[in-house]
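Trainee: Could you go through this structure with me, one piece at a time? I would like to ask questions as we go.

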Amino acid sequence: MATDPDRALAAILPPALLDLLRGRALTLARPVWGQRGGRHRAARAGLGHLFRAHRAYVPGDDPRHLDWRAMARRDRPMIRQTEGEDELSLVALVDLAGGMAYGEGATQKHRASAALVAALAHLAIRQGDRVGFATGGDGAIDAAHLRPAGGVPRLLALAEALAAPPLRGACPWPALLAAAAPRLPRRALVVVASDLLDPCPDAAPEAADAAEAELWASFAGLRARGHDVVLLRVLHPDELDPPWRGGELLRIVDPQGARADLEGMAAALREGYRARFQAHREALARHCEGHGIHLLEVRSDAPLADALLGLLARLSGAPAPLDDALLGAPQPRQAGR
Amino acid sequence: MSLLAPLLLVGLIGLGLPLLAHLRGREEPRTIAFAGRRFLAARGEVLSQRRRLRDRLLLALRLLLLALVVVALSRPVTRHDAALAVLGEPHDAILLVDGSRSMGLRGDDGPLFAATAPAAEAIAAALPAGSRLGLLSSDPALAPVEPSADPQAALRALEERLEAGGPRPGSWRLSDRLPAAATLGDRDRGRPRVVYAIGDRTAGGLASLPPSADDVAVIPVAVDGPLDAPADDPPTHLGIAAATWEPAPEIDPRALRIRAELRAYGPADPERRRRALVALRIGGETITQAEVEVPAGGAAPLELTYTAAGERGPLPATLELVEAAGAPADALPSDDRRHLWLAADARLRVTLVNGDPSEVRAHDELFFLATALAERGAGERERLALRNLAPDQLEGAVREAGAAALADVDVLVLANAAAPAEDVAAVLRERVEAGMGLWLTVGERVDADAYNERLGELLPLLLREPVLAGTAPGRSEAAGEGFAPANLDHPALRGQSSDLGLLGARARRIFLLEPDPSRAPEIALTYSSGAPTLLTRDYGRGRVALLTTSIDRDWSDLPLRPGFVPLATRTIAFLGDRAGEIGARDLSVGQPWTSRLPEALTVVTPSGRRVALAADDDGVRRFTDTFEPGHYRVERGDPSDGEASGAAPLLFTVNVDPSESETLPRPIAPPTLAGDRVLAAASVPRWRPLVGLAALALLLESLLRLRRRRRALAASRP
């Protein structure tokens with residue numbers, strides 16, 4: 001290999017996290033459907049080793065797959081099928097909107113989001129899966145690397161895209177989804193890395209709510225088409241509970257630039273925030289649960305290792321820790337496999 | 001505690017400004033780009049204006065800081081009794097020492113002038129570094145010491161002067177020497193000059209001083225206690241305020257009556273009376289003694305009679321307070337003596353020429369003048385030898401005997417007389433030039449042209465014409481001209497009280513005069529319009545006076561006024577005094593004695609010193625060293641000829657000025673300085689700790705702000 005992916009990702013992946021990934025694998029609870037062989041359980045019979053089923057011989061079947069013992073029992077020619085093992089297509093849709101810039105240093109939301117996406121991509125590339133990604137920010141999308149591809153160059157491209165992007169404006173989710181959805185391979189793993197706080201900002205609250213509902217429906221549509229959809233929701237603790245207190249005068253600016261500035265006393269502004277946020281959060285959680293979407297909330301100040309291990313566990317089929325997920329606490333530490 | 005600049009306290013109003021700014025000021029909100037913006041809702045009205053005080057501690061500190069600065073700027077001080085008022089910056093300090101006689105007042109701590117040296121030393125010690133010290137006394141006998149960096153020079157000079165004895169009588173006023181103090185030595189204009197006047201609080205002492213003069217600050221330093229405290233009552237002392245004599249022919253042809261006024265100076269207390277024993281000494285021999293009780297703060301008259309038994313000529317007499325046995329010594333002994341030349345036969349010969357006689361006495365031109373001169377008192381009348389003449393009698397006598405006819409006339413009064421004939425006028429001119437006094441009063445018979453032609457050379461100003469006085473011609477009740485206050489600086493009226501008693505007088509007709517500055521008339525009395533009423537002029541050795549209204553009631557009611565008597569007698573005495581030959585003159589110490597006599601004059605002082613007087617360019621011989629009270633003789637003729645002229649010596653006495661005996665303190669304003677200057681020591685400055693407190697408040701404010709900023713930073717950091 002020309003370039004060591006570990007070093008290429010050093011900018012966005014902390015070495016500690018890389019150490020953690022060593023010897024771990026990205027596995028999915030559900031079978032995949034890849035173009036080529038891989039190490040994921042495929043949704044169709046293939047050239048694996050595990051017995052899958054017997055079926056009646058039809059002309060054209062490879063006679064080497066005839067199961068003689070089954071023929072003896074059934075008194076007709078039977079074909080022995082084995083589980084297929086396919087490669088996985090991981091498609092990451094990364095939010096580079098202004099809201100992801102919130103937080104200082106290690107607690108920046110984008111930093112946590114990029115690290116987690118890069119870690120997943122790193123795992124996938126390392127185990128031979130293909131990775132595609134698209135980003136949206138400043139009102140535009142970048143879908144150049146949407147088609148999944150394997151190998152270190154793709155990882156480097158991802159690292160480049162996430163290393164120091166200009167985090168500003170809004171992420172046009174509908175456009176991003178519209179670009180990505182037709183080009184997704186079958187049964188892809190779609191990772192949506194965003195805070196999902198205000199994905200479709202609009203000056204008019206009703207229009208924003210309607211657009212968001214449509215977006216949620218789109219996520220559900222992806223899931224309905226057989227993709228695994230993971231909403232990797234990265235939140236800053238301040239967004240869970242704003243820290244402003246007392247009579248301080250604040251001007252709240254929408255980082256996406258769509259909503260009007262808000263001025264007021266800290267205490268007055270804060271009033272009702274948690275309730276509204278919680279209602280929104282629960283609605284999203286219900287929607288995801290109802291449509292089989294993985295919703296993983298990650299606190300940007302939580303240890304990334306915990307978040308990553310929790311993510312891997314959820315993908316490999318661990319049950320969602322209902323309360324914790326809703327509370328946004330760090331995911332429980334679980335072995336990936 | 002008081003404030004040097006209390007007006008600056010207005011600055012405290014400024015305290016409201018930060019408060020107002022704090023409350024009214026728009027707070028700059030902290031801007032946060034927050035992704036959860038959509039979950040935030042504006043609740044109600046957003047008020048960016050503070051509705052209540054925030055950061056109370058910080059605000060209080062800042063207000064305190066401002067208040068401290070304002071209060072410090074207004075410079076609070078506390079008065080310090082013990083300390084002296086000294087300018088708090090390097091300057092030229094001039095010690096102006098009161099040399100008036102009242103400084104000799106003895107208190108419990110000795111005479112007042114002894115306290116001068118400690119006061120001067122205290123000032124010298126309190127002067128800021130770099131100051132220079134000079135010395136000056138209101139008595140010119142103390143040679144001025146120019147300001148020098150060595151304060152000992154001035155202090156030594158003062159010490160030597162004090163060791164030489166008490167204050168010299170001389171009627172010194174501190175204010176008279178203030179201009180000299182302002183210009184003493186080389187004056188550096190950039191350097192402040194402060195005159196420290198050390199003296200008592202009498203009229204001639206500190207009370208005579210203006211607050212400042214000629215950009216020189218004056219700081220009074222009272223030797224009788226701090227200025228801001230009411231002075232203790234000075235000890236009562238006795239003095240002889242005045243002494244006169246007159247012949248007493250009803251007792252004996254050679255008897256003299258001596259009147260004196262004794263005063264007990266000090267706080268008035270009619271209940272308390274001091275016994276005074278007064279002795280009359282003639283030629284050192286005690287003739288008689290009299291006892292008088294003087295109320296404290298009041299006066300008592302004394303009358304003695306003496307008969308000059310065999311003596312001829314004037315006698316040197318002294319009235320002296322004698323210490324009664326057991327009585328305390330007088331606190332101010334310098335005024336316990338009064339000197340007189342007693343002469344039983346001195347007369348002023350006055351000839352009155354009546355131009356308008358009348359059989360009705362009240363209509364007679366000279367009725368009022370003669371009465372006034374006669375009413376002077378029995379003794380005074382004896383000293384005036386009055387003779388009445390009609391104008392034709394005068395002319396006849398003059399034509400008969402020439403100048404000899406007027407040889408025995410000291411003062412000639414021409415009252416409303418027609419202008420004398422040319423030959424008589426020439427004799428008059430000759431006599432006046434030789435020393436006779438001439439008083440012209442006008443009336444209907446006075447013709448301006450004739451007077452100007454024949455006596456114009458003598459007249460103080462040429463006559464123009466008689467006019468009706470007043471501003472409303474034709475309105476008789478409004479016609480009339482009032483009199484302005486008399487010019488008491490005129491030698492004839494010097495020493496009179498401020499109101500001569502003429503203020504109500506009105507003149508209906510007055511004589512206008514031709515202005516002529518070259519004649520240099522001296523104006524004693526004017527009308528309220530400014531036109532001269534009574535004016536005098538020196539002519540040769542004699543004097544001429546001119547009254548521009550009638551001396552009877554025809555033209556004015558002047559003779560009806562009480563002031564007419566002193567005016568008439570003073571004028572007569574002034575005109576007659578010019579001859580310098582009759583009677584003895586009484587001078588105050590320091591008052592010069594002058595004479596126009598042509599022969600050589602030698603003054604013999606009381607201590608026996610002989611001083612030959614030289615005539616100046618105008619022929620005036622002047623004796624100025626009259627600082628020694630006592631009897632002076634002026635011998636006529638050149639003693640080197642071995643043969644005196646034989647003429648009787650001229651006599652005069654010098655007595656202390658009774659006004660200097662007044663020791664009651666006057667209120668003195670505490671020293672004030674213009675501008676930013678501060679008085680050190682007198683008032684202890686209290687603003688320096690305030691400045692320190694302000695600095696501390698500033699430090700606390702900075703610390704608090706720093707802490708707040710850190711806290712704010714920590715709060716904004718997620």
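Trainee: To begin with the hairpin of S28(B) and S29(B), which residue there takes a positive phi?

Mentor: This is a predicted model, so please keep that in mind throughout. In that hairpin, which leaves five residues between the strands, Gly530(B) takes a positive phi near 105°. The two strands, S28(B) at residues 522-526 and S29(B), pair in the antiparallel sense over four bridges, and Leu525(B) has Leu534(B) in S29(B) as its bridge partner.

Trainee: Why is S29(B) said to be largely enclosed?

Mentor: Six of the eight residues of S29(B), which covers 532-539, are buried, so the strand is largely enclosed by the rest of the structure.

Trainee: New topic, the two chains. How many residues of each are in contact?

Mentor: On chain A there are 34 residues in contact with 21 residues of chain B. The elements of chain A that give two or more residues to that side are helix H8 (237-240), strand S8 (249-253), strand S9 (262-265), helix H9 (266-270) and helix H10 (273-291). The largest share, five residues, comes from S8(A). By type, the residues of this side of chain A divide into 13 nonpolar, nine polar and twelve charged.

Trainee: Which strand of chain B is joined to S8(A), and do they run parallel or antiparallel?

Mentor: S8(A) is joined by four bridges to strand S2 of chain B, residues 30-33, and the two run parallel. In S2(B), Thr31(B) is the bridge partner of Arg251(A). Within chain A, four bridges also join S8(A) to S9(A), and those two strands run antiparallel.

Trainee: Let's move to a helix. What is the reach of H4(B) from its first C-alpha to its last?

Mentor: H4(B), residues 151-164, has 14 residues and reaches 20 Å, which is close to the 20 Å expected at 1.5 Å a residue. Its buried residues are Pro151(B), Ala154(B), Ala157(B), Leu158(B) and Arg161(B). Seen down the axis of H4(B), these buried residues fall within an arc of 140°, so they line one face of the helix.

Trainee: What do the buried residues of H4(B) pack against?

Mentor: They pack against strand S5 (92-97), helix H3 (116-126), strand S8 (132-137) and strand S9 (145-148), which belong to chain B. On the other side of H4(B), Gln152(B), Glu160(B), Glu163(B) and Ala164(B) are exposed. Just after the helix, Gly165(B) takes a positive phi of about 140°.

Trainee: One more residue, please. Is Asn354(B) buried or exposed?

Mentor: Asn354(B) is buried, with 24 other C-beta atoms within 10 Å, where 20 or more are needed for that label. Asn354(B) lies in strand S20 of chain B, residues 348-354. Leaving aside residues up to four places away in sequence, Asn354(B) touches Asp364(B), Glu365(B), Leu366(B), Asn388(B), Ala390(B) and Ala415(B).

Trainee: And how many helices and strands are there in each chain?

Mentor: Chain A has twelve helices and ten strands, and chain B has twelve helices and 39 strands. Buried residues make up 44% of the 337 residues in chain A and 40% of the 718 residues in chain B.

Note on methods. Residues are numbered from 1 along each chain as its sequence is written. Chains are lettered from A and ligands numbered from 1 in the order in which they are written. This is a predicted model: local features need pLDDT of at least 70, side-chain atom pairs count only at pLDDT 80 or more; totals for chains, interfaces and linings use all residues. Two residues are in contact if their C-beta atoms, placed from the backbone, lie within 7 Å. Ala, Val, Leu, Ile, Met, Phe, Trp, Tyr, Cys and Pro count as nonpolar, Asp, Glu, Lys and Arg as charged, and the others, Gly among them, as polar. Two strands pair if DSSP finds at least two bridges between them. A residue is buried if 20 or more other C-beta atoms lie within 10 Å of its own, exposed if 12 or fewer, and partly exposed in between; C-beta atoms are placed from the backbone. The expected span of a helix is 1.5 Å times one less than its number of residues. The arc is that of the directions from the helix axis to the C-beta atoms.
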